[in-house]
Amino acid sequence: MQNNLIVLNKNDNVAVTPFIIPAKTKIEGQNISSIDDIPFGHKICLKTVNKGDPVIKYDQIIGFASKNINPGEHVHSHNLEFKDFDRKFKVIEKKSIINEKSELFFNGIMRDNGQVATRNYIGIISTVNCSATVTKMISEKIKQSNILKDFPNIDGIVPITHSTGCGMNTESEGMQIFQRTIDGFKNHPNFSHVFVLGLGCECAQVDIFKDNVKQHDRVHFLTIQDEGGTKKIVDKVLSEIKNLLVISNNVKREPLSVNNITLALQCGGSDGYSGISANPALGVAADMLVKQGGSSILSETPEIYGAEHLLINRANKQETADKLIAKIKWWQHYTSINNSSMDNNPAPGNKKGGLTTILEKSLGAVAKGGNSVLEDVLSYAEPLKNKGFNFMDSPGYDPVSVTGQVASGANVICFTTGRGSCFGCKPAPSLKLSTNTTMYEKMIEDMDINCGTIIEGKEEIEEVGKKIFKLVIATASGSSTKSELNGYGDEEFNPWQVGVVM
């Protein structure tokens, strides 16, 4: 914080306002006065910017002036526009030091197959929308029976339903993505047992999910048609779940290395403070986890566009950089053939909160990834292979992106928000990090940590990052998040649908 404005770099020609600035207000220490009203979280011009010149924030280009902008003027969509430009990067091979014997521990659950869990759920997964109702019926009957009260080590029943699973080419990329997503959830260690339910005639046949089962006695496959209809399959699965409750409950938490934690890094409802407070603080926490041998997954490819050079510079080798470059090119082509633009990403709420272009949004979003070496670039829902910091290709739509991260193996989620997103994604617990105090106090029942203290100068980024890291460990050890207390997580499963629906 400098002179009551947030000046992020000496080379910037804009600053961020930590409060509402009325028109004709003299800005202390800057020798300028505001020309118009400037909402909090928005940008004010510090130096004359001529039409066509770059607007600089974070010492990076966030867009170009669409008209002359004078010092003290509000800088936003009316005078700042998106234009693409060449971004320089250089890949220098890096060797990562992964701490395989961390002295930090959390209270986790060790599964028989060596996987480590942070929660202990029973899952019911529909392979097609046609089995979604049956999936919910079974879940509701279990909940209504109140039988789980006698099994305190079971965190609950999770129904995984969706709107796809049929009407697609069985050999298509869309089917491959869908199969990886279902596989990732059915094998997730946070499920003690899983029931995979199909209709019987759909494209996503249950047989394709029978391969790649990490522990055969914990995953069960059924179809409505084979079982003889709705009532019969509901009764059968209910009976089988009741028979498994004693086994599912027979777990205990024990000290396990934090290198077993995989953290999903996510943001939603971003505002002008996201890249200044919550995102860089989460980046500190993510780096702390990686240094202890754990893993983090950044995603949302459209929301790194314009900042991808910062990630490419951190790639461990050229092959990793090339993977990320290929993902960016895919998205450029994908948006162009759909008459869209990468700059269509910022939502109305993002802009109301102070963000303008995708370049500005992305520069703040990549801060969640900290400064660790980029170990690998994953396709959507591809299983995590390398410990450390990873990037996973996904849309910027939060539920779709988090679904892919959890399918890849994330067992804790950290979700930053400036506007007040509410989110959960069972079976992984989700922490909500507020970028500003105003929203935190307004939605305190939904937010786990207030990072707005950074904006107010009360805490440093590193201090808040350490708090986030401690809370991640506590959450992985079983502490409930606000999202869990509010009952979020049953409806947010949303696999990425790519390709033609036929």
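**Helix and strand packing**

In this predicted model, helix α5 touches helix α13 through Pro280, Ala281, Leu282, Val284, Ala285, Met288 and Leu289, which meet Ile461, Glu462, Val464, Gly465, Lys466, Ile468 and Phe469 of α13. Sorted by class, this contact of α5 with α13 comprises 11 nonpolar residues, one polar residue and two charged residues.

Two packed helices are described by the angle between their axes and the distance between those axes. For α5 (residues 278-291) and α13 (residues 461-476), the axes come within 7 Å and cross at roughly 55°. An angle between 35 and 65 degrees counts as oblique, and α5 and α13 are therefore oblique to each other. The crossing of α5 past α13 is right-handed.

Four strands form an open sheet in the order β12-β11-β13-β14, and their pairing is parallel. The edge positions belong to β12 (156-160) and β14 (219-223); each has a single partner strand, so one side of each has no neighbour in the sheet. From one strand to the next, the twist averages 15°.

At one end of that order, strand β13 (residues 191-198) runs parallel to β14 and is joined to it by five bridges. Within this pairing, Leu197 has Leu222 of β14 as its bridge partner. Helices also lie on the sheet. Helix α2 (residues 173-186) packs on it and touches β11, β12, β13 and β14, with a direction at about 160° to that of β11. Helix α1 (residues 132-145) lies across β11 (121-126), β12 and β13, and runs at about 170° to β12.

The last stop is strand β21. Which strands pair with β21, and in what sense? Strand β20 (residues 412-417) pairs with β21 in the parallel sense over five bridges, and strand β22 (residues 449-450) runs parallel to β21, joined by two bridges.

Are the faces of β21 covered or uncovered? Both are covered, with Ser430, Lys432 and Ser434 buried on one side and Leu431 and Leu433 buried on the other. Five of the five residues of β21 (residues 430-434) are buried, so this strand is largely enclosed by the rest of the structure.

Technical notes
Residues numbered from 1 in each chain as written. Predicted model: local features only at pLDDT ≥ 70, side-chain atom pairs only at ≥ 80, totals over all residues. Heavy atoms only, no water. Axes fitted to C-alpha atoms, helices over the stretch in contact; angles between N-to-C directions. Parallel < 35°, antiparallel > 145°, perpendicular 65-115°, else oblique. Left-handed = near helix turned anticlockwise from the far one by under 90°. Contact = heavy atoms within 4.5 Å. Nonpolar A, V, L, I, M, F, W, Y, C, P; charged D, E, K, R; others polar. Pairing = 2+ DSSP bridges. Buried < 20%, exposed > 50% of the residue type's maximum accessible area, 1.4 Å probe, protein only.
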